[in-house]
Amino acid sequence: RREINGDLDEEVANILTHIALVLLKMNMHSVALDALMESYRIRHSLDSGENRETAFTLYNIGMIHHHRGAYEHALVYYRETARVEKCTLGMAHRDVGITFYNIGQIHYQRGEMELALTNFKQALQIERDCLGENDPTCARTLNEIGNVELQLGNMKHMIECFTEALRIYRRAGMDDSNLV
């Protein structure tokens with residue numbers, strides 16, 4: 001494809017992203033990261049990088065860093081993902097909520113509870129707006145908020161979050177094993 005269209009082609013960027021997704025499934029994270037970085041370089045060279053495909057590429061780069069425990073790098077890419085998603089999709093889109101949830105997870109893993117709480121609450125608001133109050137995704141996020149509240153010593157809020165998460169899980173026909 002590069003021979004036909006040159007190095008800076010949207011189709012080449014798309015192919016690199018798809019190759020990276022296959023490599024991720026094969027647990028070849030380093031090679032996948034290289035392909036995603038090249039895809040991002042191409043996309044960024046072609047335009048301002050303000051499109052959904054760029055956000056998807058950035059998200060996957062952040063995800064690799066997250067799973068590797070490279071939290072600072074993951075935060076950089078997740079924050080950029082959120083910025084691009086908000087520009088292209090608007091604030092009230094499920095993908096933006098997922099990105100905020102992942103940012104919250106990193107802050108939780110780093111022991112930054114107030115930042116985790118802020119991001120989980122943003123994710124929850126978006127999830128409620130997009131998916132409805134009783135979606136299991138909201139329960140998952142409420143569970144995370146409950147864990148943060150526990151770490152902060154806010155037992156009343158923790159109990160409220162865990163109780164609401166359990167109610168949603170049960171309403172969806174899921175069992176208590178989803179709560180941790």
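Select Cys-130 to begin: with a relative accessible area of 33%, Cys-130 is partly exposed. Buried here means under 20% relative accessible area and exposed over 50%, with partly exposed in between (1.4 Å probe, protein chains only). This is a predicted model, in which local features need pLDDT of at least 70 and side-chain atom pairs count only at pLDDT 80 or more, while totals for chains, interfaces and linings use all residues. Residues are numbered from 1 along each chain as its sequence is written, and side-chain values use heavy atoms, with hydrogens and water left out.

**The cysteines**

Stay on Cys-130 and show the sulfur atoms. The closest cysteine sulfur to that of Cys-130 is in Cys-138, 9.2 Å away, which is too far for a bond. The structure holds 0 disulfides (pairs of cysteine sulfur atoms within 2.5 Å).

**The loop between H7 and H8**

Select Glu-133, found in the loop between H7 and H8. At 44% relative accessibility, Glu-133 counts as partly exposed. Leaving aside residues up to four places away in sequence, Glu-133 touches Arg-128, Cys-138 and Ile-168; contact means heavy atoms within 4.5 Å. With Arg-128 there is a side-chain polar contact of 3.4 Å. A polar contact is a pair of N or O atoms within 3.5 Å; within protein, one must be able to donate a hydrogen and the other to accept it, and residues adjacent in sequence count only if both atoms are side-chain atoms. Ile-168 is 35 residues from Glu-133 along the chain, and their C-alpha atoms are separated by 8.3 Å.

**The whole chain**

Zoom out and colour by secondary structure. The chain has 9 helices and 0 strands. Helices (H or I, at least four residues) and strands (E, at least two) are DSSP runs, numbered from the N terminus. Along the principal axes, the C-alpha atoms fill a box of roughly 60 × 30 × 30 Å. Of the 180 residues in the chain, 41% are buried. Among contacts with a separation of 6 or more, 55% are between residues 24 or more positions apart.

**Helix H5**

Select residues 71-89, helix H5. The 19 residues of H5 should span 27 Å at 1.5 Å a residue, and the end C-alpha atoms are 25 Å apart, which agrees. The expected span is 1.5 Å times one less than the number of residues in the helix. Buried residues of H5 include Leu-75, Tyr-77, Tyr-78 and Val-84. H3, H4 and H6 are among what covers the buried residues of H5. After H5 comes Gly-90, with a positive phi near 90°.

Asn-51 is in the loop between helix H3 (29-46) and H4. Is Asn-51 buried or exposed? Asn-51 is buried, with a relative accessible area of 13%. A polar atom of its side chain lies 2.7 Å from the backbone nitrogen of Thr-54. Not counting residues up to four places away in sequence, Asn-51 touches Val-84 and Thr-88.

**The aromatic pairs**

How many aromatic pairs does the structure hold? The structure holds 2. Rings of Phe, Tyr and Trp (its six-membered ring) pair if their centres lie within 6.5 Å; planes under 30 degrees apart count as stacked, over 60 as edge-to-face and the rest as tilted.

Select Tyr-59 and Tyr-78. Their ring centres are 5.6 Å apart and their planes are at 40°, so the pair is tilted. Tyr-59 lies in helix H4 (residues 52-68) and Tyr-78 in H5, so the pair ties together parts that are 19 residues apart in sequence. Tyr-78 counts as buried at 1% relative accessibility.

Now select Tyr-101 and Phe-120. Here the ring centres are 5.3 Å apart with the planes at 55°, so this pair is tilted. Tyr-101 is in helix H6 (residues 94-109) and Phe-120 in helix H7 (residues 113-131), so the pair ties together parts that are 19 residues apart in sequence. Both Tyr-101 and Phe-120 are buried.

**Helix H6**

End on H6, which has 16 residues and reaches 23 Å from its first C-alpha to its last, close to the 22 Å expected at 1.5 Å a residue. Its buried residues include Phe-100, Tyr-101, Ile-103 and His-107. The cover over the buried residues of H6 includes H4, H5, H7 and helix H8 (136-152). Gly-111 follows H6, and its phi is positive, near 80°.
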